[in-house]
Amino acid sequence: MLVEVEHLKIAFKFEKRLSVPVRDVSLKIAEGERVALVGESGCGKSLTALALGELVDRAIISGKIKRNAKIAYIFQNPMQSLNPVMKVGRQIDEAAPFTGIAMRLLDAVGLPITTVNKYPSELSGGQQQRVMIAMALAQSPDLLIADEPTTALDVTTQKEVLDLIDKIARERKMAVLLITHNLGLVAQYSDFVNVMYAGEIVERGAVKDVLSNARHPYTQGLIAAVPRLDLPKDSPLAEIPGTVPAPWAWPSGCAFHPRCPKAMEECKKKVLETCVCK
């Protein structure tokens, strides 16, 4: 097993208030697996991913994280991750000192070798993300964590970037943790899915099983929100009412009950086993 997380909890203390964005996360990633972590913004997905690489500062962390892997990250906004005053080739070589493999990696991600002499501002969003993929590959990781890697990219470019990540992962037998809110992407690019809400994993399993027989109302809501081509074009999009609660004010019982169309009085007191896939 490359990564094994057991009951991870991450908290931050602000003056007299305790914020707990990650309350109880357990997940496993094996060699070569394509795993997804799905949920809305504010559910704790990115913070969980950062904890896997010990990149969370000033936090109170409990639980167990067992690592037997070299981990690399691709973040949401490449323009914020790349140094604007440093040429691309130098930034890639910085990720793998003394190897001089920038040109080879750029070729691997489908960019011309002349890109080594360009600044990030001279590249499109899709090209910048390909540079980030090249930097991630520089250390030959066992696990690539892609944190919403297609944010702000057009649909065509999104597919190109995700196809590239998938192709490279299969060629190198590299595991991938894809963080997203889009279950449509999960269906195409992942084998296993962990659905996260309010700092907890509320449902997990093989993608085909979860998508065909979702048990938790939150997962059902995410599936319903995926646009469908077989419906009339003027059909309203399904949505989950409300927003994810603040991490210092999680509701009692099942955290989803204030937004759940199937909530019962008992849901306010405890998580029902018939509702949650544990």
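Here are some notes on a few spots in this structure, point by point.

1. Ground rules. This is a predicted model, where local features need pLDDT of at least 70, side-chain atom pairs count only at pLDDT 80 or more, and totals for chains, interfaces and linings use all residues. Residues are numbered from 1 along each chain as its sequence is written, and side-chain values use heavy atoms, with hydrogens and water left out.

2. Helix H1 and Lys-45. Lys-45 sits in helix H1, residues 45-52 (helices are DSSP runs of H or I with at least four residues, strands are runs of E with at least two, and both are numbered from the N terminus). Lys-45 has a relative accessible area of 5%, so it is buried (buried is under 20% relative accessible area, exposed is over 50%, and partly exposed is in between, with a 1.4 Å probe and protein chains only). Setting aside neighbours within four places in sequence, Lys-45 is in contact with Leu-37, Val-38, Gly-39, Glu-40, Glu-148, Ile-179, Thr-180 and Met-196 (contact means heavy atoms within 4.5 Å).

3. The rest of H1. Why is H1 largely enclosed by the rest of the structure? Because six of its eight residues are buried. Besides Lys-45, the buried set includes Leu-47, Thr-48, Ala-49, Ala-51 and Leu-52. After H1 comes Glu-54, with a positive phi near 60 degrees.

4. Glu-148. This contact of Lys-45 is in the loop between strand E6 (143-147) and H6. Glu-148 is not a glycine, yet has a positive phi of about 45 degrees. At 11% relative accessibility, Glu-148 is buried.

5. His-7. Here is another non-glycine with a positive phi, this one of about 50 degrees. For background, most residues other than glycine have a negative phi. His-7 belongs to strand E1, residues 3-14, and is exposed at 52% relative accessibility.

6. H5 against H6. The axes of helix H5 (residues 125-137) and helix H6 (residues 155-172) come within 10 Å and cross at roughly 15 degrees (axes are lines fitted to C-alpha atoms, for helices over the stretch in contact, with angles from 0 to 180 degrees between N-to-C directions). H5 and H6 are therefore roughly parallel to each other (under 35 degrees is roughly parallel, over 145 roughly antiparallel, 65 to 115 roughly perpendicular, and the rest oblique).

7. Who touches whom there. From H5, Gly-126, Gln-129, Arg-130, Ile-133 and Leu-137 meet a group in H6 that includes Thr-157, Val-161, Ile-165 and Arg-172. The residues of this contact split into six nonpolar, three polar and three charged (Ala, Val, Leu, Ile, Met, Phe, Trp, Tyr, Cys and Pro count as nonpolar, Asp, Glu, Lys and Arg as charged, and the others, Gly among them, as polar).

8. Leu-105. Buried or exposed? Leu-105, in helix H4 (residues 102-108), is buried at 3% relative accessibility. Leaving out neighbours within four places in sequence, Leu-105 is in contact with Ile-92, Ala-134, Leu-137, Ala-138 and Arg-172. Leu-137 and Arg-172 also take part in the meeting of H5 and H6.

9. His-216. This residue is in the loop between helix H8 (207-212) and helix H9 (217-224), and is buried with a relative accessible area of 1%. The His-216 side chain reaches the backbone nitrogen of Tyr-218 at 3.0 Å. His-216 and Val-202, 14 residues apart in sequence, are 7.0 Å apart from C-alpha to C-alpha.

Methods:
A polar contact is a pair of N or O atoms within 3.5 Å; within protein, one must be able to donate a hydrogen and the other to accept it, and residues adjacent in sequence count only if both atoms are side-chain atoms.
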